[in-house]
Amino acid sequence: MQSSENGVESRNGVAESEQHILNFLDSVDSYLILMETLSSALRQGWLELASARHSMGASRVNSALFDLKSHHASTTVQVNDDLPQFKLCKWASSDDPEKYSEEAKFEEDELFQNKSDGPRHQHQELQEKRRDGGASPVGTDNQAQKERSKTLSMFGTLVSPKLRATQLSFETALEMLVEISNTRASLLHAYDQVQKDRTNTE
Amino acid sequence: MANKPQIRTSSSALIAMIADEDTITGFLLAGVGNVDLRRKTNYLIVDSKTTVKQIEEAFKEFTTREDIAIVLISQYVANMIRFLVDSYNKPIPAILEIPSKDHPYDPAHDSVLSRVKYLFSTESVASGRR
């Protein structure tokens, strides 16, 4: 009876090890496919950037024009410490609570500085702004468009459509990179599990 | 909603870059550029005048900053500081080697795949059979 229970446990252990190996191989495969896709997206982006440089002139599209004044990144990443897992936050949308609370504070400061009808009216205005700010998806798209235009303005007011296309290609590349980061974390986790199984077997 | 498990999340973190000018330009257009009050950027443009020491310093700085979650590094640049990249083993920030215009991605040099390739080697297979 005990030997059959040991046999079942051993079979379950082998099945689990094999599952870990499959997970590892799947992660490696996904990682390589994603890197290949990333290469294509980047190639597209470089080609569009070269076209933009050709139409606008090299003096209008180069690193000397980068904005070196203090500013925050519009596109950031949120990290969940569990695996870790990464999530891309593009164009600092109004749904982002950190930015939203900064904006609300800024608006609150502005309102307090204004000489208007009185504290009650100011509070009502702020409440209305807060209700409007987080509700509409159209608002989020407008925010993204506004941030995109602000980033493009680094190279002048009127830019080539190719530069806008470059922006979109690199946005796509960013999304892939975040996916690659997550796949990398899964790959390393699966690798650790396989190593652990090998050590236990030995 | 009340029964949803709590997930630990940090505040927004940055993506740092060590790459050539065109790659940095593209990603800055995508909105990842950050300049702090001391005018320190989250990127290093690598060109013919950039020294290996500068690249090493940038890599060490980006991998020790708490506000950076991902470091993108062109693979040909990573090859210049290969020892440093391969010896890095923390989960965050994640180091991603990316291709550049003149140097396509080579899986053989990727630090993550180098770490795990032992499992595919003949020595590993032979030791499993003993």
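The model is predicted. Chain B and chain A bury about 4,900 Å² between them, and the contact takes 59 residues from chain A and 56 residues from chain B. One salt bridge is counted between the two chains.

**Extent of the interface**

- The size of an interface is often given as the accessible area lost when the parts come together.
- Of the roughly 4,900 Å² buried between chain B and chain A, 66% is on carbon and sulfur atoms.

**Polar and charged pairs**

- The salt bridge pairs A:Arg53 with B:Asp22, and the closest N and O atoms are 2.9 Å apart.
- Between chain B and chain A, 16 residue pairs are in polar contact, counting pairs with both residues at pLDDT 80 or more.

**The side of chain B that touches chain A**

- Elements of chain B that each give two or more residues to this side are the strands β1 (14-19), β2 (43-45), β3 (68-74) and β4 (94-98), together with the helices α1 (21-29), α5 (111-116) and α6 (122-129).
- The largest share comes from α1(B), with nine residues.
- By class, this side of chain B has 32 nonpolar, 14 polar and ten charged residues.

**Helix α5 of chain A against α1 of chain B**

- The axes of α5(A), residues 161-201, and α1(B) come within 8 Å and cross at roughly 90°.
- The two helices are therefore roughly perpendicular.
- From α5(A), the contact uses A:Leu163, A:Thr166, A:Gln167, A:Phe170, A:Ala173, A:Leu174 and A:Leu177.
- From α1(B), the contact uses B:Asp22, B:Thr23, B:Gly26, B:Phe27 and B:Leu29.
- The residues in this helix contact divide into seven nonpolar, four polar and one charged.
- B:Asp22 takes part in this helix contact and also in the salt bridge with A:Arg53.

**Backbone features of chain B**

- Most residues other than glycine have a negative phi, and most peptide bonds are trans.
- The peptide bond between B:Ile92 and B:Pro93 is cis, with omega about 0°.
- B:Pro93 sits in the loop that runs between α4 (82-86) and β4 of chain B.
- B:Arg39, a residue other than glycine, has a positive phi, near 65°.
- The loop between α1 and β2 of chain B holds B:Arg39.

Technical notes
Residues are numbered from 1 along each chain as its sequence is written. Chains are lettered from A and ligands numbered from 1 in the order in which they are written. This is a predicted model: local features need pLDDT of at least 70, side-chain atom pairs count only at pLDDT 80 or more; totals for chains, interfaces and linings use all residues. Side-chain values use heavy atoms; hydrogens and water are left out. Contact means heavy atoms within 4.5 Å. Buried area is the accessible area (1.4 Å probe) that two parts lose on being put together, summed over both. A salt bridge is a side-chain nitrogen of Lys or Arg within 4 Å of a carboxyl oxygen of Asp or Glu. A polar contact is a pair of N or O atoms within 3.5 Å; within protein, one must be able to donate a hydrogen and the other to accept it, and residues adjacent in sequence count only if both atoms are side-chain atoms. Helices (H or I, at least four residues) and strands (E, at least two) are DSSP runs, numbered from the N terminus. Ala, Val, Leu, Ile, Met, Phe, Trp, Tyr, Cys and Pro count as nonpolar, Asp, Glu, Lys and Arg as charged, and the others, Gly among them, as polar. Axes are lines fitted to C-alpha atoms, for helices over the stretch in contact, and angles run from 0 to 180 degrees between N-to-C directions. Angles under 35 degrees count as roughly parallel, over 145 as roughly antiparallel, 65 to 115 as roughly perpendicular and the rest as oblique.
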